[in-house]
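Please look at the sequence and the model below, then read on.

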Amino acid sequence: MQHNMKKQFRIINTPKGILNITSADLNEVVGESTTNKQREISASTYTITDADLNYTLFFSNGGAVAVTIGALAANFECDLWNTATTGTVTFAGSGIILTSPEGFKLEANKVGACIRVLNTSSYRLKGEFII
C-alpha cells in the first residue's frame, strides 16, 4: 500500500488577498517533496534502499521480520513503524556501522523509529527499540 496525499495550504494576508496553494506548488518553492510518502511492508524480509528516502515504512507482518540496512545516500532518513499486533522487526546493517542506544528490535505496536545517515558508513536508529 502506497499513499501520496496531496495537501492544500492556505496563506492569508498576501498583497493579492487569500492565496491557496497545493503541495505541488509548495514542492516547487522548497525544492523537495512535501507529500506524505508511506509504504506498507508485509514481507518477512526487507532491504531499505535509497527509494525509501523520506518514506514512513509500516511493517505489518505478524511474524518475525528481518530488515537489512546497507549503504544509503547522504542525508538519508525514513521513519519505521511496526503496526502488527504480534511479531518483532529486527534491523541489521550490511557493510555499514549501525548504532542504536536502545537496541535493534522493534516490537509489535511500537512506533517512532528513525534512520539517519551520520556519515558515509555510520547509521543511527532511534525510537522504541529493545535489545
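How many salt bridges does a search of the whole structure find? The search finds two, a salt bridge being a side-chain nitrogen of Lys or Arg within 4 Å of a carboxyl oxygen of Asp or Glu. This is a predicted model, in which local features need pLDDT of at least 70 and side-chain atom pairs count only at pLDDT 80 or more, while totals for chains, interfaces and linings use all residues. Residues are numbered from 1 along each chain as its sequence is written, and side-chain values use heavy atoms, with hydrogens and water left out.

**The chain as a whole**

- The protein chain has one helix and 14 strands; helices (H or I, at least four residues) and strands (E, at least two) are DSSP runs numbered from the N terminus.
- Of its 131 residues, 31% count as buried, where buried means under 20% relative accessible area, exposed over 50% and partly exposed in between (1.4 Å probe, protein chains only).

**Aspartate 52 and arginine 39**

- Aspartate 52 lies in the loop between strand E5 (45-48) and strand E6 (56-59) and arginine 39 in strand E4 (residues 36-41), so the pair links parts that are 13 residues apart in sequence.
- Both residues, aspartate 52 and arginine 39, are buried.
- Arginine 39 counts as buried because its relative accessibility is 18%.
- The side chain of arginine 39 also makes a polar contact with the side chain of tyrosine 55, at 3.5 Å.

**Glutamate 102 and lysine 126**

- Glutamate 102 and lysine 126 form a salt bridge, with their closest N and O atoms 3.1 Å apart.
- Glutamate 102 lies in the loop between strand E10 (97-99) and strand E11 (105-107) and lysine 126 in strand E13 (residues 122-126), so this pair ties together parts 24 residues apart in sequence.
- Glutamate 102 counts as partly exposed at 24% relative accessibility, and lysine 126 counts as partly exposed at 44%.

**Proline 101**

- Proline 101 is found in the loop between E10 and E11 and, at 49% relative accessibility, counts as partly exposed.
- Not counting residues up to four places away in sequence, proline 101 touches Arg124, Leu125 and Lys126, contact meaning heavy atoms within 4.5 Å.

Notes: A polar contact is a pair of N or O atoms within 3.5 Å; within protein, one must be able to donate a hydrogen and the other to accept it, and residues adjacent in sequence count only if both atoms are side-chain atoms.
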